[in-house]
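Please look through the sequence and the 3D structure below before reading on.

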Amino acid sequence: MAWWLLLSFFFFFFFSSFVSETCSELITALPGQPPNVKFSQHSGYIVTDPHDGRALFYYFVEADVADPCSRPLTLWLNGGPGCSSLGFGAFMEHGPFQPGDNGALVQNKYSWNLESNVLYVETPIGVGFSYSNTSSNYINWNDIKTAEENLRFILNWLEEFPMYKDSELYLTGESYAGHYIPQLAALILQYNKQQPNKMINLKAIALGNPLLDLDISVKAGDHLWSHGAISDKTLELEKTVCDDTRYLREYYHDKWSQECNDVFNRVEYEIGDVIDRGDLLLPRCLSSSGAQQAISGGKHGQIHAKLARRKYGDPCLGDRVFAYLNLPQVQVALHANTTHLPYHWDFCLGPLEYQEDNVDMDIIPVVAYLIHEGIPVMLYSGDQDTKIPLTQTRIITNKLAKGLQLKEFTQYGPWYDKQQVGGWAQSFGTLRDGRNVTYLTFATVRGAAHEVPFTSPSQALTLFRAFLAGSPLTPS
């Protein structure tokens, strides 16, 4: 497993030269924040390399309970590679606030800080407000460096917030975080073996619509066809001439073939240019600005969904988040952009040049390693996402369960949210110490898109509660 040898090498390299430097502050109030907010918010920078001047920006929301330290700590990462956890995760999906039409913040009644302390990190450098003072750092960044930086971040952040050192830690994310989270978790396990007296209390990971294996995850022809979005002839061409895997390999390696171009021009024509591949039910934002289109611009936006929104998701929310986070008074309140970056905050467009061949890395062995080491994994999928369809994540789940010889703990069937079917799920595990222990859960989210908590916040919160409890999703 070449990935593990590389991780181990970088782990020992950086740990020997690890220096802790931090800069964070309490947020007194965000501009437009509702009154009588009882939970604390913190934000700022954690320096991950003082020599090169690398620093990752974070936004930390304490649990909305009397004793936050009694609740677990959840780390959330968005994907890309190169997209903002602050813009997507915190302000569009499951953070406590979203910008409203009048400029004020609206409280999210499905915020994940109802159950956990939540830590949003803009990673890697060059994403959102995170930066490096050494411009060459932005070139040829990769998964190994991201995992290394994220572990440095956690170690330094826990020095800044020592009251959470013993907290149960849950790692969560979506899309390309299917790379970020498992590799970070594997590095944490290695760190724990080397530092038994300073162990990080990692409990489980959850991945939404994750990119895990380019040979499996992105194949969407059958899913598009079953939704009526492409014709029989186009499905046949995807199966015989060029499928999504080949197309994306060519795309990320800048090796274009005319036959793949022809097939996918046909796919795009049949789907329609106003349909978001991340959500087939997405309405258009009829008052959209250039910021909305910029969210998915460039190569990094091709794997990450644009913005998934429908019943609860406001199709123009992205514009408001973009405008809000670029307000000077908001950046002051967040203790952000303290070095006056030479570009504006953006969802996915920044100076980072990622090694795009990393997209083709198979992460399934890393997930299998985590499960083998006793770390439970939840994989969940919005059933309207055609970028990384649920059918493909289910194939990966079954492959993991079979390879690890896990037993079916629950039959594939519906799970419920507020007496409505929230989706369908199945759990796998093994017998340990005389009791059944769930190690792998697959769940679909009915009517949800690539960014599940944005389109389906109530269902996402129900999933999150089950994830933290370590309990299978069962009919109720």
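C69 has a relative accessibility of 37% and therefore counts as partly exposed, a term for values between the two limits used here, where buried means under 20% relative accessible area and exposed means over 50% (1.4 Å probe, protein chains only). The model is a predicted one, in which local features need pLDDT of at least 70 and side-chain atom pairs count only at pLDDT 80 or more, while totals for chains, interfaces and linings use all residues. Residues are numbered from 1 along each chain as its sequence is written, and side-chain values use heavy atoms, with hydrogens and water left out.

The structure holds 2 disulfides, a disulfide being a pair of cysteine sulfur atoms within 2.5 Å. They are listed here.

| Disulfide | S to S distance | Torsion about the S-S bond |
|---|---|---|
| C83 to C348 | 2.0 Å | 110°, right-handed |
| C242 to C260 | 1.8 Å | about 85°, right-handed |

C83 is buried, because its relative accessible area is 0%, and C348 counts as buried because its relative accessibility is 5%. As for the other disulfide, C242 is joined to C260, and this pair also links distant parts of the chain, with C242 in the loop between α6 (232–240) and α7 (244–253) and C260 in helix α8 (residues 258–271), 18 residues apart. Both C242 and C260 are buried.

Q392 belongs to helix α14, which covers residues 390–403, and its relative accessibility of 11% is why Q392 counts as buried. When residues up to four places away in sequence are not counted, Q392 touches I216, S217 and K219, contact meaning heavy atoms within 4.5 Å.

For the protein chain as a whole, 61% of the 476 residues count as buried, and the secondary structure comes to 16 helices and 15 strands, which are DSSP runs numbered from the N terminus (helices H or I, at least four residues; strands E, at least two). Of the contacts in the chain with a separation of 6 or more, 74% are between residues 24 or more positions apart.
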